[in-house]
Amino acid sequence: MMNEFEVAAMIAEETGISPWWPAAEASSRWVRVGLNAKTVADSRRTQLLVQYGPPPMLPTYFFPIEDIDSSALVNKQTRDDGSHQWDVEIDGVRVVGGAWTHPRTDGPLASLRDLVTFTWMGALDWFEEDDPVFAHARDPHKRVDVAPSSRHVQVVVRDQLVAESANPTLLFETTLPPRYYLPQSDVRMDLLVTSDTVTQCPYKGTARYWSLAIGDEQLADIAWSYPTPVPENPRIKDLVCFFNERVELIVDGQHLERPLTPWS
């Protein structure tokens, strides 16, 4: 399952521009990793690596080896860059290549020396305090602001008006274009076809997607919604958002330029 920031991170790969250089910093959060309902790592002294780029270059926590159940790390391998990698296994459940050390431990990454991180994919469960976290660690330098608005928003596709609202909810997320979330009552839901696509975001929750049927054409995964957003962002619950990159978006009578992103 691909998460939103994994896709957004492709911007850095394609353009060579990254919003932050990789940097490690001490975290004050209690962080745990579990497998098969048992604890693999448990620490109040992790290092948070803030990084963006091709997956798996997303924010993650590194643990002191003393805070890891060493019996869960099996099949140790040494990579060409000198870093180490393990499978993670508990009670017969194994995540291949599920743990590793960082290949760079100099300069701003010196604090990662001898520390271990884990994959965010597959069967491993992550917790910050008692809150489950999905897709990647939350970046303390990133903001997601949600604000109700009275802007007049129109969504046009193939010269057909598919949504119009004077009651949008705007979501502003660091490094990403503004998103316009619309009430379903203001959207031509009869034109939307439920998709099997599901993505996860640690700042918003789990998104479900729709494709858009226009005549004989179907535009895949053009809109999404968060049926059960994370508690920090309840305002976007069940609202519909279209990709700015794929539709003609008209806000207060002004045709917005389509942003250039990996979703274009």
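Me: In this predicted model, which residue forms a salt bridge with glutamate 173?
Reply: The closest N and O atoms of the salt bridge are 2.8 Å apart. The pair links distant parts of the chain, with glutamate 173 in strand β15 (residues 169-173) and its partner in the loop between β17 and β18, 31 residues apart. The residue that forms this salt bridge with glutamate 173 is lysine 204.

Me: Why does glutamate 128 count as buried, whereas arginine 29 counts as partly exposed?
Reply: Buried means under 20% relative accessible area, and partly exposed lies between that limit and the 50% above which a residue is exposed. Arginine 29 counts as partly exposed because its relative accessibility is 31%. Glutamate 128 counts as buried because its relative accessibility is 3%.

Me: Which residue in β10 does valine 31 stand opposite?
Reply: Strand β2 (residues 31-35) and strand β10 (residues 125-128) pair in the antiparallel sense over four bridges. These strands belong to an open sheet of four strands in the order β3-β2-β10-β11, in which the edge strands are β3 (38-43) and β11 (131-133). Within β10, the residue opposite valine 31 is glutamate 128.

Me: Why does the salt bridge of glutamate 217 and arginine 158 tie together parts of the chain that are apart in sequence?
Reply: The side chains of glutamate 217 and arginine 158 meet at 2.8 Å, N to O. Because glutamate 217 lies in strand β19 and arginine 158 in the loop between β13 (153-157) and β14 (160-165), the parts that the pair ties together are 59 residues apart in sequence.

Me: How many bridges join β17 to β18?
Reply: A hairpin joins β17 to β18 through three residues, and the two strands run antiparallel. One of the pairings is that of valine 193, whose bridge partner in β18 is serine 211. The number of bridges that join β17 to β18 is seven.

Me: Which residue's side chain makes a polar contact with the side chain of threonine 197?
Reply: Threonine 197 lies in strand β17 (residues 192-201) and counts as partly exposed because its relative accessibility is 26%. Leaving aside residues up to four places away in sequence, threonine 197 touches Ala207, Arg208, Tyr209 and Asp221. The polar contact between side chains, at 2.8 Å, is with aspartate 221.

Me: Which residue takes a positive phi in the hairpin of β18 and β19?
Reply: β18 and strand β19 (residues 217-225) pair in the antiparallel sense over six bridges, and arginine 208 stands opposite serine 225 in β19. Strand β18 (residues 205-214) is mostly covered, with seven of its ten residues buried. The hairpin has two residues between the strands, and the residue with a positive phi near 60 degrees is glycine 215.

Note on methods
Residues numbered from 1 in each chain as written. Predicted model: local features only at pLDDT ≥ 70, side-chain atom pairs only at ≥ 80, totals over all residues. Heavy atoms only, no water. Buried < 20%, exposed > 50% of the residue type's maximum accessible area, 1.4 Å probe, protein only. Contact = heavy atoms within 4.5 Å. Polar contact = N/O pair within 3.5 Å; in protein donor to acceptor, adjacent residues only side chain to side chain. Pairing = 2+ DSSP bridges. Salt bridge = Lys/Arg side-chain N within 4 Å of Asp/Glu carboxyl O.
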